[in-house]
Amino acid sequence: MNQETGKYLIFFGVVVILIGILIFFFHDSFKWIGRLPGDVNISKENFRFHFPWVTMLLASIVLTILINLIRKFI
């Protein structure tokens, strides 16, 4: 462990806290997550299957952009 590792841990800790605060106060605004057009949802009498592949794709793209921006400026 070195000083850079400590900086990254503090940064990601602050990011997690900010995300938690956003979810706590604005949880009603995030109901669309997992219900985008293209997400697979199969419901039958005794069976339910939900596979949010469009949501996962969107999350992957957003996280990739954020991580690349963080790596560029830090």
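Reader: Is T55 buried, partly exposed or exposed in this model?

Author: Happy to start there, and please keep in mind that the model is predicted. T55 is found in helix 2, which covers residues 53–73. Its relative accessible area is 13%, and the cut-off for buried is under 20%. T55 therefore counts as buried.

Reader: Leaving aside neighbours within four places in sequence, which residues is T55 in contact with?

Author: One of them is D39, which is 16 residues from T55 in sequence. In space, T55 and D39 are 7.0 Å apart, C-alpha to C-alpha. With neighbours within four places left aside, the contacts of T55 are I33, G34, R35, L36 and D39.

Reader: What about M56: how many Å apart in space are M56 and D39, C-alpha to C-alpha?

Author: M56 is found in helix 2 as well. M56 has a relative accessible area of 43%, and because that falls between the 20% and 50% cut-offs, M56 is partly exposed. In sequence M56 and D39 are 17 residues apart. Their C-alpha to C-alpha distance is 9.2 Å.

Reader: Now to the strands: which residue in strand 2 is the bridge partner of V40?

Author: Strand 1 takes in residues 40–43 and strand 2 residues 48–51. The two pair in the antiparallel sense, over four bridges, and a hairpin of four residues joins them. The bridge partner of V40 in strand 2 is F51.

Reader: Are F11 and F12 buried, partly exposed or exposed?

Author: F11 has a relative accessible area of 29%, and the value for F12 is 44%. Both values lie between 20% and 50%, so F11 and F12 are each partly exposed.

Reader: How many degrees lie between the planes of F24 and F25?

Author: F24 and F25 are both exposed. They form an aromatic pair that is edge-to-face, with 5.0 Å from centre to centre. The angle between their planes is 85 degrees.

Reader: Turning to the largest pocket, which helix gives the most to its lining?

Author: The largest pocket has a volume of about 580 Å³. Of the 18 residues that line it, V15, I19, V62, L63 and L66 are the closest to its centre. Helix 1 (3–25) and helix 2 each supply at least two residues of the lining. With eight residues, the one that gives the most is helix 2.

Reader: And how many residues of that lining are nonpolar?

Author: The lining of the largest pocket holds no charged residues. One residue there is polar. The number of nonpolar residues is 17.

Key
Residues numbered from 1 in each chain as written. Predicted model: local features only at pLDDT ≥ 70, side-chain atom pairs only at ≥ 80, totals over all residues. Heavy atoms only, no water. Buried < 20%, exposed > 50% of the residue type's maximum accessible area, 1.4 Å probe, protein only. Contact = heavy atoms within 4.5 Å. Phe/Tyr/Trp six-rings, centres within 6.5 Å; stacked < 30°, edge-to-face > 60°. Pairing = 2+ DSSP bridges. 1 Å grid on protein atoms, 1.4 Å probe; cavity = no way out; pocket = protein on both sides within 12 Å on 5 of 7 lines; lining within 4 Å. Points joined across faces, edges and corners; volume = space filled by probe spheres on them. Nonpolar A, V, L, I, M, F, W, Y, C, P; charged D, E, K, R; others polar.
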